[in-house]
Amino acid sequence: MLAGKVIKATRSQYLVRSDQDTITCTVRGKLVGAPKDDTTSVRVGDNVLIESVSRNEGVIREILPRKSKLSRAVEGKAYKEHIIATNIDQMVIIMSVKKPAFKSGLLDRYLVIAEKNMLRSIICLNKIDLAAKKQFEKYASSYRKLNYPFYFVSAHQGEGLDDVKMILKDAVSVLVGHSGVGKSSIIQEIEPSLNLKIVEISAKTHKGKHTTSFVQLFPLSFGGYVIDTPGIRELGLWDIYRADLKKYFVEFRNFEDQCQFNDCNHIEEPACGIKQAVSQGFIFEERYRNYVNIYRDLRAAPYELIRKQ
Ligand SMILES: Nc1nc2c(ncn2[C@@H]2O[C@H](COP(=O)(O)OP(=O)(O)O)[C@@H](O)[C@H]2O)c(=O)[nH]1
Ligand SMILES: [Mg+2]
Ligand SMILES: [Zn+2]
């Protein structure tokens with residue numbers, strides 16, 4: 001059998017990349033290795049074993065173990081997981097200094113999603129040619145302190161593009177960022193042949209059409225894959241409940257034992273170790289404010305729990 005990676009999935013067919021070939025596959029018979037809760041589903045990103053039927057046709061027989069996944073809850077009465085893609089190594093978050101303006105609130109939302117899915121994340125601040133770097137040093141140092149790599153980039157002037165290329169090389173990366181920050185421009189610079197496809201998909205995304213069906217892996221000629229950019233709603237930020245949000249702010253861990261209450265949410269509670277750390281400058285205040293804003297946007301508890309009360 002042949003090993004490959006699923007790069008695109010439609011209702012009944014899968015595109016599988018094996019070495020340099022792309023093979024159109026179906027699933028027939030019993031699939032080996034499919035997770036119990038997700039029996040029939042081959043997902044984009046899955047490493048699979050296929051039986052060839054002809055030179056470019058095959059049948060998927062086995063899903064190899066998944067090392068990670070990006071998923072969200074499906075709205076409905078009961079929690080149901082929807083896997084967007086599997087075997088992802090990292091989230092590459094593209095922001096811009098201007099047009100659109102840098103917003104740490106959006107950055108922190110992406111970081112929360114990455115933490116929730118246990119993905120490492122890398123921050124790229126593009127269009128640095130449009131502003132003085134000095135203005136953004138406080139963000140670079142604050143996020144680097146939390147072990148989030150932070151790069152200054154200019155797709156137009158070339159700054160940081162070697163770093164981005166190195167980050168993408170040999171990894172499966174999900175590329176996220178607001179429309180207009182320069183995702184397509186960056187890809188255009190480091191992998192010209194890819195650009196058109198990604199532009200098309202993002203354009204569809206921003207018309208509010210279904211996006212998850214478009215999720216696909218684009219192979220990079222220098223090794224690795226990028227996934228087009230699902231929006232923040234598709235990524236499932238809203239599946240998180242208020243009380244869980246604090247788990248995804250990594251710097252809170254060092255101060256939580258100083259909160260008076262074990263279940264402190266660090267909002268209005270008295271004697272809060274997090275708020276104290278903010279006021280003493282140990283926690284970046286803007287991130288704490290983003291935490292409070294995100295917290296207020298989230299639901300208090302699963303729908304079923306609210307109904308039971
Ligand atoms: N000044 C400046 N403009 C950029 C840079 N990168 C992209 N842009 C511009 O920003 C706009 C949106 O870029 P695009 O790549 O389409 O963004 P996307 O929506 O994230 O794919 C275009 O007009 C680009 O020319 C950059 O590094 N510097
Ligand atoms: Mg684009
Ligand atoms: Zn607290």
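Tutor: Helices here are DSSP runs of H or I with at least four residues and strands are runs of E with at least two, numbered from the N terminus. The structure is a predicted model, in which local features need pLDDT of at least 70, side-chain atom pairs count only at pLDDT 80 or more, and totals for chains, interfaces and linings use all residues. Residues are numbered from 1 along each chain as its sequence is written, while chains are lettered from A and ligands numbered from 1 in the order in which they are written.

Student: In which loop does P100 lie?

Tutor: P100 is joined to K99 by a cis peptide bond, with omega of about -5°. The loop that holds P100 runs between strand 8 (90–96) and helix 1.

Student: How many helices and strands does the protein chain have, and what percentage of its residues is buried?

Tutor: The protein chain contains 9 helices and 13 strands. A residue is buried if 20 or more other C-beta atoms, placed from the backbone, lie within 10 Å of its own, exposed if 12 or fewer, and partly exposed in between. Of the 309 residues in the chain, the buried share is 35%.

Student: Which residues are in contact with I123, leaving aside its neighbours within four places in sequence?

Tutor: Two residues are in contact if their C-beta atoms, placed from the backbone, lie within 7 Å. With its neighbours within four places set aside, I123 has as its partners I93, M95, L107, Y143, Y148, P149, F150 and Y151.

Student: Which helix gives the largest share of the shell around ligand 1?

Tutor: The shell has 16 residues, and the closest are A155, G182, K183, S184 and S185; a residue is included if its C-beta atom, placed from the backbone, lies within 6 Å of the ligand. By class, the shell has 3 nonpolar, 10 polar and 3 charged residues; Ala, Val, Leu, Ile, Met, Phe, Trp, Tyr, Cys and Pro count as nonpolar, Asp, Glu, Lys and Arg as charged, and the others, Gly among them, as polar. The largest share, 3 residues, belongs to helix 4 (residues 183–190).

Student: Which residues of helix 4 meet helix 3?

Tutor: Helix 3 (residues 161–168) packs against helix 4 at an angle of about 85°, with the axes 10 Å apart. That makes the two helices roughly perpendicular, a term for angles of 65 to 115 degrees. Their contact has 4 nonpolar, no polar and 2 charged residues. L161, V164 and K165 in helix 3 meet, in helix 4, I186, E189 and I190.

Student: Is M118 buried or exposed?

Tutor: M118 is found in the loop between helix 1 and strand 9 (120–126), and has a positive phi of about 55° although it is not a glycine. Because M118 has 10 C-beta neighbours inside 10 Å, its class is exposed.

Student: Where is N147 found?

Tutor: N147 is not a glycine, yet its phi is positive, near 70°. Since 10 other C-beta atoms lie within 10 Å, N147 is exposed. Its place is the loop between helix 2 (137–145) and strand 10 (150–152).

Student: What distance separates the C-alpha atoms of V74 and E234?

Tutor: V74 lies in strand 6 (residues 69–74) and touches K80 and H82, not counting residues up to four places away in sequence. V74 and E234 are 160 residues apart along the chain, and their C-alpha atoms are separated by 9.8 Å.

Notes:
Axes fitted to C-alpha atoms, helices over the stretch in contact; angles between N-to-C directions. Parallel < 35°, antiparallel > 145°, perpendicular 65-115°, else oblique.
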